[in-house]
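Hi everyone, thanks for making time for this. Let me put the structure up on the screen, and then we can walk through a few parts of it together.

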Amino acid sequence: MKNTLSCFFLLSLVVPLLASSVDNKVYIVYFGQHVNGEKALHEIEKFHLSYLHSVKESEEDAKSSLLYSYKHSINGFAAKLTSDEASKLSEMKEVLSVFPSHGKYSVHTTRSWEFVGLDEEDGHSSRKLKIGGEKLASRAKYGKDVIIGVMDSGVWPESPSFSDQGMDPVPKSWRGICQEGVAFNSFKCNRKIIGARYYVKGFEAEYGTVNATEDFLSPRDADGHGTHTASTAAGRQVSDVAALGGFAKGTASGGAPLARLSIYKACWAIPNQPKADGNTCFNSDMLAALDDAIADGVDIISVSIGTDEPVPFENDAIGLGALEASKRNILVVCSAGNNGPDPGTLTNPAPWIITVGASSVDRAFYASVKLRNGLSLQGPSITPNKLKKMYPLVYAGDVVVPGVARNLIGQCLPGSLDPTKVKGKIVVCITGAGLRVGKGLEVKRAGGVGFVLANSESDGDDIEYDAHFLPATTLSYDDGITILEYIYSTKNPMAKISPGKTKLNYKPAPFMAEFTSRGPNVVDPYILKPDITAPGLYILAAWSEASSPTKLPFDHRSVKYNLYSGTSMACPHVSGAAALLKAIHPRWSVAAIKSALMTTTVITNNLGNPITDSYGNDANPFQYGSGHFNPTKAVDPGLIYDATYNDYLLYLCAAGPDALIELGSTFKCPVNPPSTLTLNYPSFAIPNLVTTVTFTRTVTNIGRPKSTYLFSAEPPLGVDVKATPNILQFKRIGEKLSFNITVSPRYDVAGENSDYGFGWYSWDDGFYHVRSPMAVYLP
Ligand SMILES: *[C@@H]1O[C@H](CO)[C@@H](O)[C@H](O)[C@H]1NC(C)=O
Ligand SMILES: *[C@@H]1O[C@H](CO)[C@@H](O)[C@H](O)[C@H]1NC(C)=O
């Protein structure tokens, strides 16, 4: 099909386009740092055009092929090139790398249409206010004066979460703009959303003009994702948030409710695909967005975007943009990705980024199904429900129309149920093929009054739940068997589905989301990633009114707030927390904020046991990094593992490919760059421990002037970890002390199976507990 299409296009277009642009593709030509500080912007564009001109026939050609000149902090351009022209450019002296523009980036919300929702009840939504405890938030003046840039699918500016009521005027130093476009004029910006821009040239080079029924050619969000992440990071406190059907009322708030937002829309609806299948973000567009965000003067950039698979540094638009951000001391916070539970799936692995995994919060939504024999079974539900009495109960497999394939019986696929046998009944369906929401819709179509979705054997008790179109609840596989046994044990099986309830203080919490992407970090296995975990399961935040809660084509509901899941939702929690830290410690470096967040995490759940995965097994640092973020502690961490932009360049000398080793002319790599393990990082990983490994770390005292820290370690089985010295005595604030960490395999412990083992080391002075995780592979 695809081939036929492109043949058709070639036939009809080959004549007018002829030689010039037939195999033109968009490439990013990357120069690294700007040389000699700041050139005037038009000179940089001239410089870029001169390179382009050198491979193009005319200046006109060069100009018309240029999409973006990245000129503020990122030095490079995006242009339409033939593969010949691209390879010519890549051989030029000052060019560090040339890589294709592509839309392999997408927002980090997996199964988006399956995680759908309504508003929450009072109480648990307001607990999002307490991201760092009320005290921290008020000490940080709720993030006032901090500017968070959000690169995503845009924003729904009318959401009450973005009200600027009572906020101070926009800071004088702000250099951003409010870019107008479809359904978005400059009045849409205010003292809350102080900037908004969009980047579409990379997208349009691939897909053509944005389809006006699918997306807005402006910063306006047609999807919901960007509105959700922006309001999670810095939404106002909004009380009386009403839900679909008046289901619940409560208060919603972002982490730093008085921080400013600047919106950088770089993700667009994929043409002719349901919104539920997500959107796409081109690296050429994202680099332009990051370049502008840095120049506009943001303090933090929140990026809930990544590739499906890890990409090396030289092709990693987010990583390269974030590196330049770190030079200006702008922190970039990214989602880890939603490709778990497989190992090595983690994206956004650069050490100057905070990479965030996703975990649960201590609330759950439940509805029970009561059987006439007195038995009551319950499972997760976020579906509104006003069923008052018992109805006849049937198993879907017994009420199908003829011709449904045997292996699909019971699955409630579209058109499979017989209305004469379903009308007025509650139907039990089984998970498997087809959308979960679609199964409910089929029951509704056939005249059912309610629906119970039981897991298949392979889904077991790992239940995912949705906002259905009729009263519903879910059941585990075992409970599904119980309900079927009941149906076949009695002549007139009857059941009632009770209204859903929200359980607070749900235990255990947090647990790791099954989908959260895992280490090891395949781009650089010596840097332990992710760095941290934060709430990313069923998070309530603002939504685009141009979208629907499920984003499914048949869902025409519109909501102001929506429950959504993904590492995308975890990332802005950390961005909001970082804004609070930044407000209190405006001079902390990017590495200091990271270190503070990482060394103060929580690694136990609310039962006092180790944090588990979604199956109840102990989780490990390849899932949660240093642990669950704990902003209240992070504001006063005692010691800091600091690092500078130059340290990151030195790191790249060892980690990057040849092209990245000489980043501009101001920095020269040593002939033998040190191992990437030596970067002053608050955690470490060793992918192959065959002999003793020693490396140095340096901590800066920002706790108490006179303090004595003692070292302790809980290494993985078969590994010895020592520090020299193992006592650090500080005499003043700001003092830096170094220590060597020695990691050795223990030959007295027989290695059972080669695998990663996990452990911790920490520095304690009796008041501060500065903890770092480790991952060590014993061959
Ligand atoms: C625009 O999108 C709508 C909805 O997906 C589709 O029906 C229509 O054909 C699209 N228009 C073009 C020009 O592709
Ligand atoms: C760490 O080890 C290096 C190399 O062995 C040594 O030169 C340095 O003095 C040690 N540093 C400390 C703090 O012990």
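Let's start with a question: in what order do the strands of the open sheet of 4 strands stand? The order is S28-S30-S34-S32, and the pairing is antiparallel. Before going on, a word on the source: this is a predicted model, where local features need pLDDT of at least 70 and side-chain atom pairs count only at pLDDT 80 or more, while totals for chains, interfaces and linings use all residues. Residues are numbered from 1 along each chain as its sequence is written, chains are lettered from A and ligands numbered from 1 in the order in which they are written, and side-chain values use heavy atoms, with hydrogens and water left out.

Back to the sheet. Strands, by the way, are DSSP runs of E with at least two residues, helices are runs of H or I with at least four, and both are numbered from the N terminus. Two strands pair if DSSP finds at least two bridges between them. Strand S28 (639-640) and strand S32 (719-724) are at the edges with a single partner strand each, so one side of each has no neighbour in the sheet. Strand S30 (residues 693-701) and strand S34 (residues 736-745) are joined in the antiparallel sense by 8 bridges. If you want to find one of them, look for Thr700, whose bridge partner in S34 is Lys736.

Now please look at strand S13, residues 300-303. In a regular strand the side chains alternate between the two faces of the sheet. Here, Ile300 and Ser302 sit on one side, Ile301 and Val303 on the other, and all are buried. Buried means under 20% relative accessible area, exposed means over 50%, and partly exposed is in between, using a 1.4 Å probe and protein chains only. Which strands does S13 pair with? S6 pairs with S13 in the parallel sense over 4 bridges, and Ile148 has Ile300 as its bridge partner in S13. Another 4 bridges join S13 to strand S15 (residues 331-335), also running parallel, and there Ile301 has Val332 as its bridge partner.

On to charges. Side chains of opposite charge can pair when their charged atoms come close. We call it a salt bridge when a side-chain nitrogen of Lys or Arg is within 4 Å of a carboxyl oxygen of Asp or Glu. How many does a search of the whole structure find? It finds 19.

One of them joins Lys144 and Asp168 at 3.2 Å, N to O. Lys144 is in the loop between helix H5 (133-139) and strand S6 (147-152), and Asp168 is in the loop between S6 and strand S7 (193-198), so the pair ties together parts 24 residues apart in sequence. Lys144 and Asp168 also belong to a network of salt bridges with Asp145.

Another salt bridge, at 2.7 Å from N to O, brings together Arg445 and Glu442. Both lie in helix H11 (residues 436-445), 3 residues apart, which is about one turn of the helix. Are they buried or exposed? Arg445 is partly exposed at 47% relative accessibility, whereas Glu442 is buried at 3%.

Last stop: ligand 2. The residues around it, meaning those with a heavy atom within 4 Å, are Thr724, Ser738 and Asn740. The protein covers 33% of the 360 Å² of accessible area that ligand 2 has on its own, with areas from the Shrake-Rupley method and a 1.4 Å probe.
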